[in-house]
Structure formats: C-alpha cells, structure tokens
Amino acid sequence: MQRIMIIGSPGSGKSTLARALADRLDLPVHHMDHIHWHPGWVERDAADKMVLVRQVIAGDRWVFEGGHSSSYEDRLARADLLIWLDLPMGLRLWRVIRRSLRDLGQVRPDMQQGCPEQLSNLPGFIRFIWTSNRSSRARAHRVFDAAHIPRRRFRRPRDVNTYLDRLT
C-alpha cells in the first residue's frame, strides 16, 4: 500500500484515519481541505483545485483523504487502496459538533491555515451534512463499487480500529 484514497462524509473520521495510516505506513498525508480552502474560509477555484489534486496524486506515495468528488476518478486511477468510511449520520453529526466546540478558534491539522473553527459556520455545515447525506453516500457507493483495486468499507468505528490494530 503506497497510495491510499480515503472517502467519506464529514465527521466520518477521514483525517484521523489518514494520519494514523500515514504514521503506521510511513506515508505522506494530504487533506483535501488544504486544497479546497484558501485562508479565511475562501473556497479555491475548481480548476486550481484539480491542478493541486493532480500534483498530489502524481506522487509515488501518499494517503489522500477528503471530498471533491470531481477528482475521485483521477485519485482512484492512481490509488492502490480505497477506504470508504460509511458511518451513521448521527455519529458524524455528533463528531462535527464536538470538534467544533473542542477546536473553537483553532485551526485543525487537516484544515488550511487561516481557517479556524468557528461556531458561525456550524449551522450551515450541519445543514450541508443533512441535505447532502443521500447524494454523497450514493456517489461514494458508486465509486466504491466501480473500484478495481483493493477496497475497504467501514461502517463502525470499531471496524476502523480493528483494521488499524492489524496493521501494527
């Protein structure tokens, strides 16, 4: 496993898993949120995002996590493992709320510099998670089913932890 692609909805644990895999396998980790945002919560232009995504996936070794489904095909073409974190929405919402409160005013390691956690962003983000749940799961399911590489789908945190324990 030299190139690992991780997908899943917000709050599913993509960044946490990416860091854990990167540590265990001595791989560089890349977070889509670093690419998606400019400092100050300004969204990067779509064409610029694709240039940056392609720079990451051109590398020989990586763990790359996050959304931006328009780049899934390119990422999948270079990946040798796909992981889909398909955790329940209630758990994901709880995690997003918890991390927003825990990290309030701070920039998370998986987030672009200059994008601190803000409670003012939380209601819109929760609404996004709620309204996009069905479509984003369907998209992830299509990507997962079409993948012709080894793949793992985790539906419970315990399964993720078991997987990580087996890697050590």
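Tutor: Start with burial: a residue is buried if its relative accessible area is under 20%, and exposed if over 50%. Keep in mind that this model is predicted.

Student: Which residues of H5 are buried?

Tutor: Met89, Arg92, Leu93, Arg95, Val96, Arg99 and Ser100. They cover an arc of only 160° around the axis, so they lie on the same side of H5. The general idea: an α-helix has 3.6 residues a turn, so residues three or four places apart point the same way.

Student: Which exposed residues sit on the face turned away from the buried side of H5?

Tutor: Gly90, Leu101 and Arg102.

Student: What covers the buried residues of H5?

Tutor: The cover includes helix H6 (122–146) and helix H7 (157–167).

Student: How do I read the sheet?

Tutor: Strands of a sheet pair through backbone hydrogen bonds, either parallel or antiparallel. Here five strands make an open sheet, ordered S2-S5-S1-S6-S7, with parallel pairing. Strand S2 (29–31) and strand S7 (151–154) are at the edges; each has a single partner strand, so one side of each lacks a neighbour in the sheet. On average, neighbouring strands are turned by 15° against each other, direction ignored.

Student: How many bridges join S6 to S7?

Tutor: Four, and strand S6 (residues 81–85) runs parallel to S7. Isoleucine 83 stands opposite arginine 152 in S7.

Student: Which strands does H7 touch?

Tutor: H7 packs on the sheet against S6 and S7, and its direction makes about 140° with that of S7. Helix H3 (residues 46–57) lies across S2 and strand S5 (62–65), at about 150° to S5.

Conventions
Residues are numbered from 1 along each chain as its sequence is written. This is a predicted model: local features need pLDDT of at least 70, side-chain atom pairs count only at pLDDT 80 or more; totals for chains, interfaces and linings use all residues. Side-chain values use heavy atoms; hydrogens and water are left out. Buried means under 20% relative accessible area, exposed over 50%, partly exposed in between (1.4 Å probe, protein chains only). Helices (H or I, at least four residues) and strands (E, at least two) are DSSP runs, numbered from the N terminus. The arc is that of the directions from the helix axis to the C-beta atoms. Contact means heavy atoms within 4.5 Å. Two strands pair if DSSP finds at least two bridges between them. Axes are lines fitted to C-alpha atoms, for helices over the stretch in contact, and angles run from 0 to 180 degrees between N-to-C directions.
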